[in-house]
Each structure stands twice: as structure tokens, then as C-alpha cells.
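The sequence and the model are shown first.

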Amino acid sequence: MYVSTHAASAQILAQRPAQTLDNFQDALKDLREQQQFWADKKVTERCAVLLQLALRIEAAKDELAQAVCLEVGRCLRECEAEIDKTVDLVRYYAKLAPELLDAKTITTQASLSQVRFEPLGVVLAVMPWNYPVWQIMRFAIPALCAGNACVVKPAPSVAQVTQKLMALVGSDLPLQAAYLEHEAVEEAIVQTDAMAFTGSTDTGRYLASLAGKHIKKCVLELGGSNAFIVLDDADIEQAAQDVVYSRFRDAGQSCNAAKRLIVTPQIADALIAKVVALSEALVMGDPMRPETTLAPLHTKTLQQKAHAQVQDAVAHGAQVLCGGVLPENVGYFYPATVLDGVNAACRVYQEEVFAPVLSVLRAQDEEDAIRLANDTCFGLGAAVYSHDTEQAWALAKRLQAGSVFINRHTSSDLRLPFGGIKQSGFGRELSEFGLYEFVNVKTYWQK
């Protein structure tokens, strides 16, 4: 069953039954036929169709953003930014894909030898709830550019947004939603040609095992516990503003958010005081209202898990500098929480925290800051703040992460690859590297 709930009021918004496997198989047969016609089009023709989709999404921005706000619970302006970024994504790939997918002639002893980028077929995506428009399109657009068809299993809590998005996609693109139960995903993997997954590390580990079992190419974008390192010579005003924005936007429900503030001794107390003041100034409330700056969490389960992680940290010696108390109001709210004195015995040190909770780790020096940053099973992103950019670059090379930002919080850029290492997954999305994930890099040789 697909059930969506209003995060601010806890009321059920909509329900729909899951799709049967027989129905999925019938739809997949039609999608495979559509994929053949789609792949036969020139890349420029495919991109022209995608540009029309960008126009439709842009025209429906208000409706889509409000639907995301209702069903996910994020602040409306954050949802509007998601739609804007999605439109930019479509246009980015529509512009660059013809050049990037063009055959590359390689000089060999052959009269003609080339590398061509051909579609794999139908790619399955198992997608999360937190960015229900952006995540689907981030996967689908480059795959569609390459001539693939895409079938998306959305999270069970965002079926309404998915339905609205698929209505905009229409019938001229080989992109469909599959409202499957979790138990049916293995069969969906068997019957498709590759898989993309964005979500938790535990679920990613399970799905990767299924993909491996059936020898299917997969890309995994999993959890993160991004380090936000602030060195003694940094601009602490800017660092404080950036870490609060990164940690608490989208109610802390982003894999790529700053989650561990690592500070060196000279500036630690001053920086932490600024962070606490900014955190306490955030306003919880109805995510539709412009004055709200901290939205509710998506589900009660997430709210309860966040509070359990905070209580565990306190039990192991951490101090709550602000927040840390379950609100009495209706809905799945949790206050902006800053924990000082976090140590390796705390769950928040070892686990991803998908909530508005910031862990503060006090490093002895720069060397210790790098040690703390790398002392995690995750490796998605990291940030380093320092006036000495040469030294920041030297430290960045030692950080075990898929991306490092210097004097800026971590984020994703259409033009740069996005993904992680260690238990944050493998493969890349966005940029040219994301475009090449779901293609057959095929060699041609002519005597």
C-alpha cells in the first residue's frame, strides 16, 4: 500500500494499492517496445523531446512544489528550488548530450575504429521520498538522453507527487512509474537491464546484493555523514552561517548535508556560540508559511529515531547546547539540535543522522581534524574552511569522500560528478560521468 501523510498535521493525505507483478510485467513489455523506437531516434531528437518536458515542468512549478511540500513536509521555498534545479538539469543534458554521446574515432591499425555509447535497455530506479521530483529526474534524464527507457519505483509515501510528475512526462517519453511492493523489487531487477538506487546504506546493500546476484549494472547513492571542518584561521561568521544552513535545510533530511562540525581549538568556542545562536533562531511551523525556517520531519519514525540518537549521545557524555526535546505540537517536528562533546561511543558518531541534529567534534589540531573526518563508514562529501586555501587543498586530498568543498558547504552541481565512496555507495550522477553510467561503451573495429 502506498500511503502519504501530512508531516505537519499527521493526517493521511492519500492511499493507493500497490501494482501487481503481472501488471508491471505487461507495462514493462510495452516499455521495451517504446525503448526501441526511442533508441532509434537521433540524440538531438531525443533531447528536443526532453526540452519540451522541461517547459511543462517549469509551467507546473507551483503545483509541483506545493505537492512536494504537502507530501514530504519540506518548506515551500525549498520545494520550489527543487523544481527550478530539475528544469536546469533537463536543459543541461539536452544541450550537452549530443556532443558527449557522439561516437569517438580512435586511431589504430584499423581503417576505422570507434567507441560508441549505446543504451543498455530498460533501467530500473528505486527512489527515495526526500526529493521526489529531483531524484527521479536526476537519474532519468541522462539515461533517457542515452536512449534507455526508465521505470521508477517511488517511495511509498510520495505517490501523489510521482503521479503528478508522470502526468507531465506523458506518453512520448519511455519513462514510467511502477508502484511495486518492496517484495517485488527483486523480480523487477531480474526483468530490467540495470538499476539505480538512492537511499539508506542498509537498503542499498540489500539491493546491490540482488543486482550482483543477477549480474545487473547498478549505481548506488547512499547515506552520508559529511564532515564540516573549520580551522583556526577561518571566517567563523561565514562558517557558522553555512553549517547551520547546510545542516538544517530540508529539516536535516539530506544525505549531502553537513552533519559533523569539526572544529580546531582556537576558534571552537566562538564558532559554536554563533552556531547555537543561529540554530535557536530557526522557526518551526507550517512548511507552507514563508516565516517557517525549520520544517517537520517526514514521518513519525524519523522523529522518534532522531530523538533516540540524541538521548543516546547524552547518555554517552554529549551535551545538548540547544534543542533535543520532543515538541508537544501535532506533527513530526524536531527542533534544531546541537550536540557538543560527541564521541565515538555515541550513535550519532557512527550512524547517519537524517534529522536536524548537528554533532560537534573538537579536534586537537588540523591532523586530528582529518582523522575525525575520515573516522566514519561514510564517504559522500566534506568541507574545509580556512583562509589558507593552499593548505585547505592539501588537507582536502587526504579526505576520504566523493567531493570536497573549500570555504563552502557541500552541495551538488549539475556540471560536476556526484557520488561517494565507502558505504556512501559507488558510481556517479550528474555531469558527463553520470551520463556514461547507463550506456554500453561499445568498441567498433573495421579492417
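This is a predicted model: local features need pLDDT of at least 70, side-chain atom pairs count only at pLDDT 80 or more; totals for chains, interfaces and linings use all residues.

Arg-371 is partly exposed at a relative accessible area of 46%, whereas Asp-368 is buried at 12%; here buried means under 20% relative accessible area, exposed means over 50%, and partly exposed covers what lies in between, with a 1.4 Å probe and protein chains only. The accessible areas themselves come from the Shrake-Rupley method with a 1.4 Å probe, and for residues only the protein chains shown count as cover. The two side chains meet in a salt bridge of 2.7 Å, N to O, the term being used for a side-chain nitrogen of Lys or Arg within 4 Å of a carboxyl oxygen of Asp or Glu. Both residues belong to helix α13 (residues 366–374), where they are three residues apart, about one turn of the helix.

Residues are numbered from 1 along each chain as its sequence is written, and side-chain values use heavy atoms, with hydrogens and water left out.

## Other salt bridges

Side chains of opposite charge can pair when their charged atoms come close. Across the whole structure, a search finds 23 salt bridges. One of them joins Asp-269 and Arg-362 at 3.0 Å, N to O, and this pair links distant parts of the chain, since Asp-269 lies in helix α10 (residues 265–280) and Arg-362 in strand β14 (residues 357–362), 93 residues apart. Helices (H or I, at least four residues) and strands (E, at least two) are DSSP runs, numbered from the N terminus. Asp-269 counts as exposed, at 55% relative accessibility, while Arg-362 is partly exposed at 41%.

A further salt bridge connects Arg-347 with Glu-351, whose closest N and O atoms are 3.0 Å apart. Arg-347 is partly exposed at 27% relative accessibility, and Glu-351 is also partly exposed, with a value of 26%.

## Strands and their pairing

An open sheet of three strands runs in the order β3-β4-β20 with antiparallel pairing, and its edge strands, β3 (104–105) and β20 (439–446), each pair on one side only. Two strands are taken to pair if DSSP finds at least two bridges between them. Between β3 and β4 (residues 112–119) there are two bridges in the antiparallel sense, and Lys-104 has Val-115 in β4 as its bridge partner.

Strand β5 (residues 122–126) is largely enclosed by the rest of the structure, because five of its five residues are buried. Its cover extends to both faces, with Val-122, Leu-124 and Val-126 buried on one side and Val-123 and Ala-125 buried on the other. The strand pairs with β6 (residues 149–153) in the parallel sense over five bridges, and Val-126 stands opposite Lys-153 in β6.

## A negative surface patch

Asp-22, Asp-26, Asp-30 and Glu-33 gather on the surface in a patch of negative charge. Patches are made of residues with over 30% relative accessible area and no salt bridge, like charges being joined within 9 Å and nonpolar side chains (Val, Leu, Ile, Met, Phe, Trp, Tyr) within 5 Å. Asp and Glu count as negative and Lys and Arg as positive, with His and the chain ends not counted, and each charge is placed at NZ of Lys, CZ of Arg, CG of Asp or CD of Glu. Glu-33 lies in helix α1 (residues 21–40) and is partly exposed, with a relative accessible area of 46%.
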